[in-house]
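Visitor: I have a protein structure open on my screen and I would like to learn how to read it. Could you walk me through it, one feature at a time?

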Amino acid sequence: MYALAIIRYRRPFDEIAPHVEEHRAYLKELKAQGLLLASGPFDPRTGGEVILRIPDGEDMGAALDRIRDGDPFTRLALAQYEMLPWNPVIGTEGLDRL
């Protein structure tokens, strides 16, 4: 199962910037756990997107809530997440190799 997380900053970027490395460290943890496939900021820097893989059999809603709530951006009220469960039908073989 896959999901897209759209992250939108709630504060000006100059308030976000000091926390970017902590946010990226969190995302690297998700990558190491096999949950994160890809991530990156929007241009211009208004937020970013994360592509997630949730293991089969895991409760999607609970997993997405846990991922959102663990992000320093969420804990510091710097950004909001829009979590979208995603069912790709074309290109899944490429996703499965990530």
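Predicted model: local features only at pLDDT ≥ 70, side-chain atom pairs only at ≥ 80, totals over all residues.

Visitor: Where does Glu-58 lie? And how far is Glu-58 from Met-1 in sequence and in space?

Guide: Glu-58 sits in the loop between β3 and α3. Glu-58 and Met-1 are 57 residues apart in sequence, while their C-alpha atoms are 9.1 Å apart in space. Glu-58 is also partly exposed, with a relative accessible area of 26%.

Visitor: How do I read a helix such as α3, and which of its residues are buried?

Guide: Start with the general idea. An α-helix has 3.6 residues a turn, so residues three or four places apart point the same way. Now the case here: in α3, the buried residues are Met-60, Ala-63, Leu-64 and Ile-67. They cover an arc of only 95° around the axis, which puts them on the same side of α3. What covers these buried residues includes β1, α2, β3 and β4.

Visitor: What caps the N-terminal end of α3?

Guide: That is Asp-59, which has a side-chain oxygen 3.2 Å from the backbone nitrogen of Gly-61.

Visitor: Which residues of α2 are buried, and which exposed residues are on the face turned away from them?

Guide: Val-20, His-23, Tyr-26, Leu-27 and Leu-30 are the buried ones. Looking down the axis of α2, you find them within an arc of 125°, so they line one face of the helix. The face turned away from that buried side carries Glu-21, Lys-28 and Ala-32, which are exposed.

Visitor: How should I think about the inside of the protein?

Guide: In soluble globular proteins, nonpolar side chains tend to be buried together. In this model, the largest nonpolar core has 23 residues, and those with the most contacts inside it are Leu-52, Ile-67 and Phe-73. At least two residues of this core come from each of β1, α2, β3, α3 and β4.

Visitor: What is Leu-52 in contact with, leaving aside its neighbours within four places in sequence?

Guide: Its contacts include Met-1, Tyr-2, Ala-3 and Ala-5, as well as Leu-64, Ile-67 and Met-83.

Visitor: Now for the rings. How many aromatic pairs are there?

Guide: The count comes to 3 aromatic pairs. One of them is Tyr-2 with Trp-86, an edge-to-face pair with 6.2 Å between the centres and 70° between the planes. Tyr-2 lies in strand β1 and Trp-86 in strand β4, so the pair ties together parts that are 84 residues apart in sequence. Tyr-2 is buried at 8% relative accessibility, whereas Trp-86 is partly exposed at 32%. Tyr-9 and Phe-73 also pair edge-to-face, at 5.9 Å centre to centre and 85° between the planes. Here strand β1 holds Tyr-9 and helix α4 holds Phe-73, so this pair ties together parts 64 residues apart in sequence. Phe-73 is buried, with 1% relative accessibility. Together, Tyr-9, Phe-13 and Phe-73 form one aromatic cluster.

Visitor: Last topic: what should I look for in the backbone?

Guide: Most residues other than glycine have a negative phi, and most peptide bonds are trans. Ala-77 is not a glycine, yet its phi is positive, about 55°. Ala-77 lies in the loop between α4 and β4 and is partly exposed, with a relative accessible area of 42%. Just after α2, Gly-34 also takes a positive phi, of about 85°.

Visitor: And which peptide bond is cis?

Guide: Look at the bond from Asp-43 to Pro-44, which is cis with omega near 10°. Pro-44 is in the loop between β2 and β3.

Key. Residues numbered from 1 in each chain as written. Heavy atoms only, no water. Buried < 20%, exposed > 50% of the residue type's maximum accessible area, 1.4 Å probe, protein only. Helix = DSSP H or I, 4+ residues; strand = E, 2+ residues; numbered from the N terminus. Arc of directions from axis to C-beta. Core = buried A, V, L, I, M, F, W, Y, C linked by side-chain atoms within 4.5 Å. Contact = heavy atoms within 4.5 Å. Polar contact = N/O pair within 3.5 Å; in protein donor to acceptor, adjacent residues only side chain to side chain. Phe/Tyr/Trp six-rings, centres within 6.5 Å; stacked < 30°, edge-to-face > 60°.
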